[in-house]
Every structure is written in C-alpha cells, then in structure tokens.
Amino acid sequence: LPISQTLEPIVASLLSKAKASVLERLWGSCVRTNAKLRFLLTKKFILTRKFSNETVLVNIVEYLSNAESRRDLLLESFISTLKVWSDSSALLHSPYDHHLYVTKAIILFACQLRDCDSQSHKDELLRILMQGIQVHLSSPLDKIRRLGMIVGECLTRRLDPAGKELKFDYDVDD
C-alpha cells in the first residue's frame, strides 16, 4: 500500500494512544512539510471524522500549540472549525454526536489561543461566533441551542475578557 493510504490509520492510532509530547518527538514540525499529515490533523480528524476518545482532539490541539512554528496552523484550524460550527447547513446535516465533537474542538482551540492571537483576530472570530450563536439559537432542539449558549459564553469571555459578559439562562444537563 502507498504511504498515503497507510498514514491515516497510523496517525489516528497514535493520536488516540500517545501523549502529545511523544507525538512532538515523532513528528516534530513535519506537519509543515507533509500535506497529508497537515490535512489529517487540521481538517479530517476534526471536521469529518469523529473519535469516541477525546484524547485525539486534545493531542491535536496540544501538538499544534506546543511549537511556535505550528501556532499559525492552530489559529487556522480554530477559524475553519468555528466556521463549520457556525454554518446552518453543516448543523442541519450533522448528527448531534458529531456536532458535539466539533464543539469540543472549538473549546479546546480557544483554551490554547494566545492573547495576542485572540486580540489580532478578535473581530473576525466574534463575527463568526455571533453567526454561530444565532444559528444555534434558531434550532428547534434544546441541546443544540444549549451548545450555542455554552460556546457563546465561553468564547466571548475568552475573546473579549474586558467586554460585557454574555450570559444565557439554560438548564445544565449531561
């Protein structure tokens, strides 16, 4: 089999079992030069596949954030993931479990975002976020509306800590 066909299952297995520090030693900054690895880590394993093990998401975000040379990929992945989360068509055509997975990725990205990145992209990120909140609040499903409220509260606090606090009234569930 060509390397491109064998790379995906190997990377998926490593992400689900290894620590980010091990991945760092194995891959270094290979994600900058290997387009297939970059696609897997910044798109496919976040937006189109869903892993039952959150370790995959945690390891992707930690790997992208652990080196200055990859921080632009972290920000790029965060923005593209937030755009998908905010898209009404994607929300309508995704199973809830997958949308929850994408939501977890957004929260993880936001936690690793540096203040300088959040401030330099604040307007763009808040614009995409507000669109996403509106899409989620328009959903007939309580659990989708709740995700929109939770992400809205978390991200506005992260992106604009000095701004007016966004606070929704919702019931807490699983």
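Colleague: How is the packing of helix 3 and helix 5 described, and on what basis?

Modeller: The model is predicted, so local features need pLDDT of at least 70 and side-chain atom pairs pLDDT 80 or more, while totals for chains, interfaces and linings use all residues. Residues are numbered from 1 along each chain as its sequence is written, and side-chain values use heavy atoms, without hydrogens and water. Two packed helices are described by the angle between their axes and the distance between the axes. Here helix 3 (residues 35-48) and helix 5 (residues 71-86) pack at about 25 degrees, with axes 10 Å apart. Helix 3 and helix 5 are therefore roughly parallel (angles under 35 degrees count as such).

Colleague: Which residues make the contact?

Modeller: With contact meaning heavy atoms within 4.5 Å, helix 3 gives Arg38, Thr42, Lys43, Ile46 and Leu47, and helix 5 gives Leu73, Glu76, Ser77, Ser80, Thr81 and Val84. By class, this contact has 4 nonpolar, 4 polar and 3 charged residues.

Colleague: What volume does the second largest pocket have?

Modeller: Rolling a probe the size of a water molecule over the atoms shows where empty space is left. On a 1 Å grid over the protein atoms alone, a pocket is an open set of points where a 1.4 Å probe fits, with protein on both sides within 12 Å along at least five of seven lines; lining residues have an atom within 4 Å of a point. The second largest pocket has a volume of about 190 Å³.

Colleague: Which element gives the largest share of its lining?

Modeller: Helix 6 does, with 3 residues. The lining of the second largest pocket includes Ser88, Tyr96, His99 and Pro140, and has 7 nonpolar, 5 polar and no charged residues.

Definitions and conventions:
Grid points are joined across faces, edges and corners, and a volume is the space filled by probe spheres set on the points. Helices (H or I, at least four residues) and strands (E, at least two) are DSSP runs, numbered from the N terminus. Ala, Val, Leu, Ile, Met, Phe, Trp, Tyr, Cys and Pro count as nonpolar, Asp, Glu, Lys and Arg as charged, and the others, Gly among them, as polar. Axes are lines fitted to C-alpha atoms, for helices over the stretch in contact, and angles run from 0 to 180 degrees between N-to-C directions. Angles under 35 degrees count as roughly parallel, over 145 as roughly antiparallel, 65 to 115 as roughly perpendicular and the rest as oblique.
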